[in-house]
Amino acid sequence: MKTRLYTPGPVEIPARILRALSQVPPHHRTDVFRQTILKRVTEELKRLHGTEGEVFLLAASGTGAMEAAVVNSAGSGDKALVVTAGKFGDRWASILKAYGIAHETLAFDWGTAIDPAAIERALDRDPQLGTVFITHSETSTGAIHDVEAIAQLTRAKGRRIFVDAITSVGVHPMPQDAWGVDVVVCGSQKGLMCPPGIATIATRAVGSASGSRATGCRASTTTCSEGAEERSRIGETSFTPPVSLVLALEEALTMIREERAQRSPPPPPPPRAGDARRRASSSASACSRRACRTRSPRSRRPTASTRARSSSGCARPTA
Ligand SMILES: Cc1ncc(COP(=O)(O)O)c(C=O)c1O
């Protein structure tokens, strides 16, 4: 009998990913590894995040990526606003405190969803608040926060937003460039279905959301080191990466891509003569037919990776 722990992660690892972990790891300064990182893992991560910016891989837990993001936000002269409604929101404040970075905290009751209007009031009160630190899916309570609405505010007001998406990447959509989220941090052991040990920092493409003074992840720490962007472009990390975990992540990202392809609605048939006239006279029924198609049981059928990932990024044991 298999022992299962019902925790919010690390999740149970699908067999395909376990098999990927058992490969002989290539050296990280060889072409085969550069190709793996550059062409597949990094590009797939960018697709998953919805960014044309950069995605940095760190050998760290999720908190390591939070810390790297905080260190990279320092020195701007701005104060930070930590918005929290749980244990992991509080973690942003602890890290800022440890680095002596000026910040104020806007706290909501645990279990509630953060109110964007309260953030707007705080930003209006203090123009020095340059960066908002927030959690997307607050694992300690199960609440998901409206990052889309909050990023709309930070963009409009020329502030930056850094999001802990450690349990939401791969589970809840957060198209980074489209929403204007400056920095997103993630860990490998939740929605990405891998063992712990890889953390990522994704920066939005500069200019993808006008009005923000964000510069994203500046190269100044040992993790996002000097030249990290250039290295990322040639498919290398600055320091020795957890090669076997990268191979696991590659497999996980392939599974996610396959699942998405399976769930996306089939392309519409090519138009035929007379279609335009028929559409004009029956647009309402065409609409409802489309809705039917996207809700078909086939599109909701769980696959290996949905079974491994629940809606909150928690481990849901596979059958
Ligand atoms: C939302 C959130 N943030 C941060 C963390 C911390 O991640 P790690 O334990 O990988 O450092 C977790 C871990 O559960 C989390 O769920």
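Which residues does alanine 252 touch, not counting residues up to four places away in sequence? Alanine 252 touches Ile17, Leu192, Met193 and Cys194, where contact requires that the C-beta atoms of two residues, placed from the backbone, lie within 7 Å. The structure is a predicted model, in which local features need pLDDT of at least 70, side-chain atom pairs count only at pLDDT 80 or more, and totals for chains, interfaces and linings use all residues. Residues are numbered from 1 along each chain as its sequence is written.

The chain contains 13 helices and 9 strands; helices (H or I, at least four residues) and strands (E, at least two) are DSSP runs, numbered from the N terminus. Of its 319 residues, 42% count as buried. A residue is buried if 20 or more other C-beta atoms lie within 10 Å of its own, exposed if 12 or fewer, and partly exposed in between. Among contacts in the chain with a separation of 6 or more, 73% come from residues 24 or more positions apart.

Seven strands form an open sheet with mixed pairing, in the order β1-β9-β8-β7-β4-β2-β3. Strands β1 (55-59) and β3 (103-107) stand at the edges with a single partner strand each, so one side of each is left without a neighbour in the sheet. From one strand to the next, the twist averages 20°. Two strands are taken to pair if DSSP finds at least two bridges between them. Strand β1 pairs with β9 (residues 198-203) in the antiparallel sense over 5 bridges, and leucine 58 stands opposite alanine 199 in β9.

Strand β8 (residues 183-187) is mostly covered, with 5 of its 5 residues buried. Val183, Val185 and Gly187 point one way from β8, whereas Val184 and Cys186 point the other way. On the β7 side, β8 pairs in the parallel sense over 3 bridges, and valine 184 in β8 is the bridge partner of valine 163. Strands β8 and β9 run antiparallel and are joined by 5 bridges; here valine 185 stands opposite isoleucine 201 in β9.

Valine 185 also belongs to the largest nonpolar core, a set of 68 residues in which Ala65, Val185, Leu249 and Ala252 touch the most other members. Such a core consists of buried Ala, Val, Leu, Ile, Met, Phe, Trp, Tyr and Cys residues joined through C-beta atoms within 7 Å. Helix α9 (residues 243-263) supplies the largest share of this core, 9 residues.

Helix α4 (residues 87-98) lies across β2 (79-84), β3, β4 (129-135) and β7 (160-164), and runs at about 155° to β2. Axes are lines fitted to C-alpha atoms, for helices over the stretch in contact, and angles run from 0 to 180 degrees between N-to-C directions. The axes of α4 and helix α3 (residues 62-73) come within 10 Å and cross at roughly 50°. This makes α3 oblique to α4, given that angles under 35 degrees count as roughly parallel, over 145 as roughly antiparallel, 65 to 115 as roughly perpendicular and the rest as oblique. The contact involves Thr63, Met66, Glu67 and Val70 of α3 and Arg91, Trp92, Ile95 and Leu96 of α4.

Alanine 113 is found in the loop between β3 and α5 (116-125). With 13 other C-beta atoms within 10 Å, alanine 113 is partly exposed. Not counting residues up to four places away in sequence, alanine 113 touches Ala143, His145 and Asp146. Its C-alpha atom is separated by 9.9 Å from that of threonine 141, 28 residues apart along the chain.
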